[in-house]
Amino acid sequence: EFVRDVFIFMSLTSFRFSDVITFDKERNIIGNKIHKYPQKTEKFDAVSIIDIQPVVKTILEKYDYKFDRYGNTLFNRYLSECLEKSGLFNETFYKKKRIKGRPIQLPGISRYEALSTHSGRRTCITNLISNGFELARIRTISGHSSDRMLLRYYDAFRQNNSDNGDLTKSLDFTTDQIPPEGDKK
């Protein structure tokens, strides 16, 4: 449950795992906004400000604003287990790899094996791109320093639209869509 909730949090905020485990209520919450400060990568030197949507608020309150329960390796292991048990990520997936500029075929794996903490961040950014938001605006919450790096998240199979409403509201969903409590991982 914890792993699922933190993954949803990352998918709605574009947080890196390092942002999540260093999250501090006193430093990061000002009013009804999350202030995301540059971490060790410091690709973007400005503070990112994100509206706290209802699902994000529910998750923050549920864990008393503390997400430093697991390290990245253990979190990824639990995430794989959670995704496998859901049955939603069991299709075969082929990772992309290039050697000396040439694509090579890797053996297929189950999609849940290919997902990690970074997939939550990628999901947020990819959804914002596919919802048609300007890259410059998306960079303000993702922390990327250039459109070129941000475009690595673009999935050409998603359709674009011209909705330019509030960024984080486009990612919002109701707390009714969060599965009931169960597995306490």
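Phe-2 is buried, with a relative accessible area of 2%. That value counts as buried because the cut-off is under 20% relative accessible area. The model examined here is predicted. Phe-2 sits in helix 1, which spans residues 2-13.

The protein chain as a whole has 185 residues, and 39% of them count as buried. Its secondary structure consists of nine helices and seven strands. Contacts between residues at least 6 apart in sequence were also examined; of these, 62% join residues at least 24 apart.

The largest nonpolar core holds 40 residues. Phe-2 is among the residues with the most contacts inside this core, together with Phe-9, Phe-23, Ile-34, Leu-60, Phe-67 and Ile-138. Six elements are listed as giving two or more residues to the core: helix 1, helix 2 (17-21), helix 4 (54-62), helix 5 (72-86), helix 7 (117-130) and helix 8 (135-142). Helix 1 provides the largest share, eight residues.

Neighbours within four places in sequence are set aside here. Phe-23 is then in contact with Phe-9, Ile-34, Leu-60 and Phe-67, among others. Its partners also include Phe-15, Asn-28, Ile-29 and Tyr-65.

Notes
Residues are numbered from 1 along each chain as its sequence is written. This is a predicted model: local features need pLDDT of at least 70, side-chain atom pairs count only at pLDDT 80 or more; totals for chains, interfaces and linings use all residues. Side-chain values use heavy atoms; hydrogens and water are left out. Helices (H or I, at least four residues) and strands (E, at least two) are DSSP runs, numbered from the N terminus. Buried means under 20% relative accessible area, exposed over 50%, partly exposed in between (1.4 Å probe, protein chains only). Contact means heavy atoms within 4.5 Å. A nonpolar core is a set of buried Ala, Val, Leu, Ile, Met, Phe, Trp, Tyr and Cys residues joined through side-chain atoms within 4.5 Å.
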